[in-house]
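Work through the exercises below with the model in view. Try each task before reading its solution.

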Amino acid sequence: MVLLNQVLVLLLVSVIVFIIDINKKFFPVPVVLVLVGMALSSLSLFSDFSVSHDVLYDIFIPGLIFVSAYQFSAQALKKNAAIILTFSTLGMLATVLLLGAGVYWVSSFFEPLSWSVSFLLAAILVPTDPVSVVSILKGSGGSEEVSDIVEGESLVNDGTSIVIFTILLSMVQSGNSFSALNFLESFTYVSLGGIGIGLVFGWILSQAIHITSHHEYQVILSILIAYGGFTLAEMVNASGVLATVVSGILLSFAFSEHDEKEDEFRDSLGGFWNVVEPTLSSILFLFIGIQSVHYIHFQKPIIWITATIFFVLSILARFLVLGSTLLVVPSWRRKFEHLNSGLFLLSWAGIKGTMSVVLILWAESTLTIDNSVFLISVAFITTLFSFIFQSAGVYPLSRFLKKVDHSET
């Protein structure tokens, strides 16, 4: 009964937040929901509230990832496929290495962390969550190219982040030192396994478009593809997130053909997932807000100082990796009318959110190292800094850079 009351209250709060006319450019709805969740934690109803990473990962993530994947523009993916895949794979690996090195060096002054743990923390802080960033960027008159790249990158790097995190977590748990060879072997198996399963499930769904015209069966089939591919991949120790992403992207390509049946299929899926997606995301962000209060230790300033430094390092590491990548490939630089403003926006829009929280809770439930409490608290506060400040800063930054570009022109 308590759980039912909690869920009903969260649904009611979600509806109220969506109804209230909030300035979504400066206060994105996900940020408001997280802050409201933090306030709800003071109520007796939520005094003993706790959510595990299994609930978030197995129930919320597949549905949200699938919707983002099949609704992502196939045309935008074709146009920016190379840069999106590079940023979300090799770029992500480079960012983890660079940020991990920074975490290792900084932690030596506060709470020394091993190389493996430093890289693990970096893997937690690297995945990006576009939340309302994409709509804010487009609403501010910002570059559509930047919006498409941010959205596509955040979609793919969710899967990459899980792969990197699980490999590093197993190293920390086993006490093994970081091994580049073992890492690459595991990375290849987990990634290719997830992609392969996603291709099979995605192909089945795209073919099923031409088989049945019953909307109910189409919706049920999409649920099976979203969660079935995810579950099967996880059962064979492959990436369930990558499987769901790939199957959703294949469906997006099927939609791009604009066949009459496919248009009907899009409508039937939209009628279901356009209700489920905001419901899942709203409850998820409220969960995050309520859960975050457990990790905010105001009486320990060292945690806040360390989290602030890691927050700055995460932005700097992303900026350096993206900037270096764009400098190496001239054709990618030409995608941006104003390279400097595009690079600044890409770097700032790398917001930590849902996936980082899932990884934090995952690490908390399995880590047995001495300084795990310090590690988890720092990771959660750093994620909150990124989620709140970067989300709120996207609109003013994009408007400022637009004025600078206009004056230079």
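**Exercise 1. Describe how helices H3 and H11 pack.**

Step 1. H3 and H11 make a right-handed crossing. A crossing is left-handed if the near helix is turned anticlockwise from the far one by less than a right angle, and right-handed if clockwise. Helices (H or I, at least four residues) and strands (E, at least two) are DSSP runs, numbered from the N terminus.

Step 2. The model is predicted: local features need pLDDT of at least 70, side-chain atom pairs count only at pLDDT 80 or more, and totals for chains, interfaces and linings use all residues. Residues are numbered from 1 along each chain as its sequence is written, and side-chain values use heavy atoms, with hydrogens and water left out.

Step 3. The axes of H3 (residues 53-71) and H11 come within 7 Å and cross at roughly 25 degrees. Axes are lines fitted to C-alpha atoms, for helices over the stretch in contact, and angles run from 0 to 180 degrees between N-to-C directions.

Step 4. H3 and H11 are therefore roughly parallel to each other. Angles under 35 degrees count as roughly parallel, over 145 as roughly antiparallel, 65 to 115 as roughly perpendicular and the rest as oblique.

Step 5. On the H3 side, the residues making the contact include Tyr57, Ile61 and Pro62; on the H11 side they include Val241, Thr244 and Val245. Contact means heavy atoms within 4.5 Å.

Step 6. The residues of this contact between H3 and H11 are 12 nonpolar, four polar and no charged. Ala, Val, Leu, Ile, Met, Phe, Trp, Tyr, Cys and Pro count as nonpolar, Asp, Glu, Lys and Arg as charged, and the others, Gly among them, as polar.

**Exercise 2. Describe how H3 packs against H10.**

Step 1. H3 and H10 pack at an angle of about 125 degrees, and their axes are 10 Å apart. That angle makes H3 oblique to H10.

Step 2. The crossing of H3 and H10 is right-handed.

Step 3. From H3, Tyr57, Asp58, Ile59, Pro62, Gly63 and Phe66 meet Ser222, Ile225, Ala226, Tyr227, Phe230 and Glu234 of H10. The residues of this contact divide into eight nonpolar, two polar and two charged.

**Exercise 3. Describe how H4 packs against H13.**

Step 1. The axes of H4 (residues 74-88) and H13 (residues 301-328) come within 11 Å, with a crossing angle of roughly 140 degrees. This makes H4 oblique to H13.

Step 2. H4 passes H13 in a right-handed crossing. Ile83, Thr86 and Phe87 of H4 make the contact with Leu322, Thr325 and Leu326 of H13.

Step 3. By class, the residues where H4 touches H13 are four nonpolar, two polar and no charged.

**Exercise 4. Is Leu120 buried or exposed, and what does it touch?**

Step 1. Leu120 lies in H6 (residues 115-125). At 0% relative accessibility, Leu120 counts as buried. Buried means under 20% relative accessible area, exposed over 50%, and partly exposed in between (1.4 Å probe, protein chains only).

Step 2. Leaving aside neighbours within four places in sequence, Leu120 is in contact with Phe165, Leu168, Leu169, Val172 and Leu367. The C-alpha atoms of Leu120 and Ile167 are 9.0 Å apart, while the two residues are 47 residues apart along the chain.

**Exercise 5. Which residues does Ser386 touch, and where is its side chain's polar partner?**

Step 1. Ser386 is found in H17 (residues 372-408). Ser386 is buried, with a relative accessible area of 0%.

Step 2. Not counting residues up to four places away in sequence, Ser386 touches Phe311, Gly350, Ile351, Lys352 and Ser391.

Step 3. A polar atom of the Ser386 side chain lies 2.9 Å from the backbone nitrogen of Lys352.

**Exercise 6. Is Asn237 buried or exposed?**

Step 1. Asn237 is found in the loop between H10 (215-235) and H11 (240-255).

Step 2. Asn237 is exposed, with a relative accessible area of 57%.

Step 3. Asn237 has a positive phi of about 65 degrees, although it is not a glycine.

**Exercise 7. How many helices and strands does the protein have?**

Step 1. The protein has 17 helices and zero strands.

Step 2. Of its 409 residues, 55% count as buried.

Key. Polar contact = N/O pair within 3.5 Å; in protein donor to acceptor, adjacent residues only side chain to side chain.
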